[in-house]
Amino acid sequence: MIQIDPENLNENFIKLIGRDWMLITAGNIKSFNTMTAAWGSIGFLWNRPVALCYVRPTRFTFDFMEKNNDFTLSFFEEQYKDALNVCGVKSGRDTDKIKETGLIPMETKNGNIYFKQARLVMECKKIYTDFIFPEKFIDKSIDKNYPLKDYHKMYIGQIMHCFKL
């Protein structure tokens with residue numbers, strides 16, 4: 001992987017996140033979890049390149065996101081869609097996702113985890129978090145995404161490093 005400036009990314013992030021999915025990973029090589037996400041965005045906020053991702057408190061990854069200052073977002077080619085599906089529907093509480101998927105965890109220089117098979121990785125430092133509050137929905141139909149009322153927590157991370165195959 002080669003390091004690139006986030007400003008040089010020319011990806012369609014609506015497709016990349018919403019259709020191709022990404023893995024959100026937090027922790028270190030001794031203890032981490034990863035989960036598939038299809039909600040998020042990449043942009044510029046507070047004079048910094050940022051990535052936004054969302055994790056429900058019921059997810060095993062949530063505790064890792066809470067306990068760590070950094071996280072990574074890993075993006076893959078289509079051939080890894082089955083592995084991403086496993087990471088989205090199975091919990092790290094009950095399943096060894098790495099063993100089941102064959103994904104190979106790697107460490108950044110900062111000790112964060114990404115996957116060797118990823119074609120694009122963003123290493124992010126948390127700079128803001130907050131929960132989604134249903135009373136703030138202007139479009140009340142959004143609430144249908146929460147039949148269990150398990151509202152996401154939003155994480156805004158400054159993109160510190162970006163790596164591409």
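## Charge

Lys and Arg count here as positive, Asp and Glu as negative; His and the chain ends are not counted. By that count the chain has 23 positive and 20 negative side chains. The centres of the two sets lie 2 Å apart. The model is predicted.

## Fold and dimensions

Four helices and ten strands make up the secondary structure of the chain. Their order along the sequence is β-α-β-β-β-β-α-β-α-α-β-β-β-β.

The C-alpha trace spans about 45 × 40 × 30 Å along its principal axes. The radius of gyration is 15 Å, which agrees with the value near 15 Å for a compact globule, because the chain has 165 residues. Of the contacts with a separation of 6 or more, 70% join residues 24 or more positions apart.

## Surface and burial

Buried residues account for 45% of the 165.

## Nonpolar cores

The largest nonpolar core has 25 residues. Within this core, L73 and M122 have the most contacts.

What does L73 touch, leaving aside its neighbours within four places in sequence? Its contacts are M22, L23, I24, I42, A51, C53, L120, V121 and M122.

A second, separate core has 13 residues. F76, Y114, V121 and F163 are among them.

Methods: Residues numbered from 1 in each chain as written. Predicted model: local features only at pLDDT ≥ 70, side-chain atom pairs only at ≥ 80, totals over all residues. Heavy atoms only, no water. Helix = DSSP H or I, 4+ residues; strand = E, 2+ residues; numbered from the N terminus. Rg over C-alpha atoms; globule rule 2.2 N^0.38 Å. Buried < 20%, exposed > 50% of the residue type's maximum accessible area, 1.4 Å probe, protein only. Contact = heavy atoms within 4.5 Å. Charge placed at Lys NZ, Arg CZ, Asp CG, Glu CD. Core = buried A, V, L, I, M, F, W, Y, C linked by side-chain atoms within 4.5 Å.
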